[in-house]
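Q: I would like a close look at one part of this model, followed by its surroundings. Please keep it plain.

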Amino acid sequence: MKEELTSEQQIRRKTIKAFIGFGVASLIPFSFWKWIKSSDKLDYLSAPLRKTLEFNEKLTSKLLSNSHLAPIFQKSQAERKVRFNGAVGLQSPLEEDYKIKVESGENKFEVTINDLKALPKQDIIFEFKCIEGWSQIQHWAGVRFIDMMNHYKIGQKDAENLFKYVGMETPDGLYFVGIDTPSVVHPQTILAYEMNGKPLLKKHGSPLRLIIPVKYGYKSLKRIGVIKFSDERPKDYWASLGYDYFAGL
Ligand SMILES: Nc1nc2c(c(=O)[nH]1)N[C@H]1C(S)=C(S)[C@@H](COP(=O)(O)O)O[C@H]1N2
Ligand SMILES: [Mo]
C-alpha cells in the first residue's frame with residue numbers, strides 16, 4: 001500500500017532532502033538544525049497556515065527559502081559578460097584596509113577579506129534573477145554565510161534562538177538590505193569575493209558582496225560594509241520603495 005504523507009511530513013522530507021542533497025547536512029551544527037526544525041513547526045506548519053494555504057510572507061520567507069535549492073549549472077554555461085545593475089552605495093572610493101563591521105548582540109568586531117578567504121571557498125553557478133525582468137546564469141565564489149557564522153560563533157541570540165534578521169549595508173550606508181535568517185543560513189547564500197574565478201569588479205561589488213540565490217537580485221547587496229544581526233526587521237532599500245520585503249523566489 002502506498003504510504004500517504006501528511007503535508008507536514010512532506011515538507012519535512014523536502015527540507016531534509018534539500019540539505020542532504022547539497023551535501024552539507026553534516027556541516028550544519030546541531031543547534032542550527034534544531035532551530036530550523038523548530039521554526040518549521042512554529043511558523044509554517046501551524047494549522048491556520050495549512051488550512052488557508054496562503055502565500056503570506058512567512059510562508060514565502062521560511063518554506064521556500066529554506067526547503068528549496070536553486071538549480072545549479074555547469075561552469076561552461078556561466079555568462080562571460082555579466083550584467084551590471086544598480087550602483088547605489090558604490091560611488092565612494094574603496095578604503096585600502098577594507099574591513100566589514102560585524103555585530104551580533106554584544107559581540108562587535110571587524111573582519112577583512114583575507115579573514116574570509118581563509119575559510120572554505122564555495123562556488124555557485126545559478127540563474128541570477130533581477131525583478132526588472134532579466135536573468136543570467138552566473139558564476140560566483142566566496143564563503144557560505146553559514147560557515148562565516150559558525151566560524152565566528154555569531155547569530156545566536158541565546159542557547160535556543162537565532163536572531164530573526166540580518167541587516168547589511170554598504171560602507172556609506174546608502175544601500176541596505178534586510179534578510180530573514182532562514183534565508184541567510186541557506187546553504188547557497190554566499191559572501192562572494194570572486195566572479196568567473198577572478199576578484200570582483202568594482203561595479204559587481206568589490207571586495208565583497210552578497211549572493212543569495214533564493215531571492216531576487218535586489219537583495220544581493222554589493223560592497224558589504226556592515227553585517228548586523230537583529231530581531232527587529234532591518235531597513236531595506238527596495239522594500240521602503242514598495243517592493244516585497246522578502247523577495248523570495
Ligand atoms: N550596493 C548596491 N547593491 C546592489 C544594488 C545597488 O544599487 N547597490 N542593486 C541590486 C540589484 S537591483 C541587482 S539586480 C543586483 C545587480 O548586481 P550586478 O550589478 O552584479 O548584476 O545588485 C543588487 N545589489
Ligand atoms: Mo535588480
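How many residues surround ligand 1, and which are the closest?

A: The model is a predicted one. In it, ligand 1 is surrounded by 20 residues. The closest are Arg83, Val88, His204, Arg209 and Lys222. Sorted by class, this shell around ligand 1 holds 10 nonpolar, six polar and four charged residues.

His204 places a polar side-chain atom 2.7 Å from an oxygen atom of ligand 1. Val88 and Asn85 use the backbone instead: a backbone N or O atom of Val88 lies 2.7 Å from a nitrogen atom of ligand 1, and a backbone N or O atom of Asn85 lies 2.8 Å from an oxygen atom of ligand 1. On its own, ligand 1 has 530 Å² of accessible area, and the protein covers 97% of that.

The backbone nitrogen of Arg83 lies 3.0 Å from a polar atom of the Gln136 side chain. A polar atom of the side chain of Gln136 also lies 3.1 Å from the backbone oxygen of Lys81. Gln136 is part of strand E4, residues 134-144. It counts as buried because its relative accessibility is 10%, and the cut-off for buried is under 20%. Leaving out residues up to four places away in sequence, Gln136 touches Glu79, Lys81, Val82, Arg83, Phe126, Glu127 and Phe128.

Beyond its neighbours within four places in sequence, Ile224 is in contact with Tyr98, Ile100, Met168, Glu169, Pro171, Leu191, Leu208, Arg209 and Leu210. Ile224 belongs to the largest nonpolar core, which has 35 residues. Within that core, Ile224 is one of the residues that touch the most other members, along with Ile100, Leu116, Phe145, Met168, Leu191 and Ile227. Elements that each supply at least two residues of this core include strand E1 (99-104), helix H5 (113-117), strand E5 (165-169), strand E7 (190-195) and strand E10 (226-230). Helix H6 (145-152) is also on that list, and the largest share, five residues, comes from H6. Apart from this core lies another one, of 12 residues, with Ile124, Phe128, Ala192 and Leu200 among them. Phe128 brings the account back to Gln136, which touches it.

Terms used. Residues numbered from 1 in each chain as written. Chains lettered and ligands numbered in written order. Predicted model: local features only at pLDDT ≥ 70, side-chain atom pairs only at ≥ 80, totals over all residues. Heavy atoms only, no water. Near = heavy atom within 4 Å. Polar contact = N/O pair within 3.5 Å; in protein donor to acceptor, adjacent residues only side chain to side chain. Areas by Shrake-Rupley, 256 points an atom, 1.4 Å probe, with all protein chains shown as cover. Nonpolar A, V, L, I, M, F, W, Y, C, P; charged D, E, K, R; others polar. Core = buried A, V, L, I, M, F, W, Y, C linked by side-chain atoms within 4.5 Å. Buried < 20%, exposed > 50% of the residue type's maximum accessible area, 1.4 Å probe, protein only. Helix = DSSP H or I, 4+ residues; strand = E, 2+ residues; numbered from the N terminus. Contact = heavy atoms within 4.5 Å.
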